[in-house]
Amino acid sequence: MSPWPTEPLVLALSPPPATDGRGAAGRVDAALAAWRAVLDAAAPPPRRRVQCLLRDDLVRFRVVPWNERLHRPAARHALARQSFIDTFGEPARAWDVQIDAPRYGRASLACAIDARLLAGLVAELAARGLRSAGVQPALVQAVNEQRRRLPRQGAWLVLGHEAGLTLLLVQGSQPRHVKQLAGTAQVLDAVVQRESFALGLDAADAAPMPVLHLAQRQVNAPVHVRVRAREQVREQVQTT
């Protein structure tokens with residue numbers, strides 16, 4: 001029997017906002033400093049497998065629609081990369097882009113992380129004699145854990161963190177729309193209503209789309225989920 005646990009140690013990285021005025025470079029430096037502090041506090045033994053759970057404001061997301069002519073993995077990846085460049089401009093060329101394994105005829109969720117940040121996270125593990133079990137955005141991890149519990153008609157999935165909110169609309173077992181925004185849950189109701197209207201989900205004969213609140217996982221802690229119908233959001237948010 002191996003002396004090393006088979007499951008990786010999952011450590012959540014939630015750095016404070018960078019305040020040195022250096023923009024993206026400052027954010028990366030602040031995140032790497034926070035990662036070193038997380039590893040110092042956890043003190044995993046050498047050769048331990050460690051997975052970094054990355055807070056969503058350090059990640060960018062796009063939904064990549066299905067394209068019959070671009071169904072091969074390399075073509076899908078190129079399409080995802082171009083989508084980030086079209087949306088975020090030249091800075092996106094320095095991002096590492098990943099896309100979930102596509103299922104035929106279905107859209108995919110793609111994520112992008114600053115390449116220097118990603119390399120720094122892995123390098124810090126290697127410097128301590130630790131083994132990398134990957135870097136995963138908090139949204140992706142939470143969705144994977146709750147995938148089997150999603151309502152049949154779909155839902156808005158909401159993940160809150162210190163820097164804002166991430167909203168992902170899932171319908172028909174595939175992502176349809178993703179939105180990242182600054183602010184707190186106080187703006188959630190208005191945002192869900194606005195995005196639903198833009199997507200045509202507010203038809204009078206349409207059933208309300210549930211809103212599922214996902215809690216960001218901390219070190220080896222389970223994820224909890226709360227389900228609320230959209231019309232209940234305003235009342236419950238105002239009472240929290």
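Modeller: Two strands pair if DSSP finds at least two bridges between them. Helices (H or I, at least four residues) and strands (E, at least two) are DSSP runs, numbered from the N terminus. This is a predicted model, in which local features need pLDDT of at least 70 and side-chain atom pairs count only at pLDDT 80 or more, while totals for chains, interfaces and linings use all residues. Residues are numbered from 1 along each chain as its sequence is written, and side-chain values use heavy atoms, with hydrogens and water left out.

S4 is joined to strand S5 (residues 108-114) by five bridges in the antiparallel sense. In that pairing Asp96 stands opposite Ile113 of S5. In a regular strand, side chains alternate between the two faces of the sheet.

Another open sheet also has three strands, in the order S1-S2-S6, but here the pairing is parallel. S1 and S6 are its edge strands, and each of them pairs on one side only. Its twist averages 25° from one strand to the next.

Strand S1 (residues 9-13) pairs with S2 in the parallel sense over five bridges, and Ala12 has Leu53 in S2 as its bridge partner. S2 is also joined by five bridges to strand S6 (residues 131-137), again running parallel. There Arg49 stands opposite Arg131 in S6. Of the six residues of S2 (residues 49-54), five are buried, so the strand is largely enclosed by the rest of the structure. Buried means under 20% relative accessible area, exposed means over 50%, and partly exposed lies in between (1.4 Å probe, protein chains only).

Cysteines come next. Cys52 is buried, at a relative accessible area of 2%, and Cys111 also counts as buried, at 13% relative accessibility. A disulfide is a pair of cysteine sulfur atoms within 2.5 Å, and by this rule the count is zero.

Ala43 is exposed, with a relative accessible area of 53%. Arg47 is found in the loop between H1 and S2 too, and its phi is positive at about 75°, although it is not a glycine either. Arg47 counts as partly exposed at 47% relative accessibility.

Now the helices. The axes of helix H1 (residues 23-42) and helix H3 (residues 115-127) come within 10 Å and cross at roughly 20°. That makes H1 roughly parallel to H3, since angles under 35 degrees count as roughly parallel, over 145 as roughly antiparallel, 65 to 115 as roughly perpendicular and the rest as oblique. The crossing of H1 and H3 is right-handed: a crossing is left-handed if the near helix is turned anticlockwise from the far one by less than a right angle, and right-handed if clockwise. Trp35 lies in H1 and is buried at 0% relative accessibility. The C-alpha atoms of Trp35 and Leu121 are separated by 7.1 Å, though the two residues are 86 residues apart along the chain.

Last, the aromatic rings. Rings of Phe, Tyr and Trp (its six-membered ring) pair if their centres lie within 6.5 Å; planes under 30 degrees apart count as stacked, over 60 as edge-to-face and the rest as tilted. The whole structure has four aromatic pairs. Phe84 and Phe88 have ring centres 6.2 Å apart and planes at 20°, so this pair is stacked. The two are four residues apart in helix H2 (residues 73-88), or about one helical turn. Phe84 is buried, with a relative accessible area of 0%, whereas Phe88 is partly exposed at 31%. Ring pairs link Phe84, Phe88 and Trp95 into a cluster.

Technical notes
Axes are lines fitted to C-alpha atoms, for helices over the stretch in contact, and angles run from 0 to 180 degrees between N-to-C directions.
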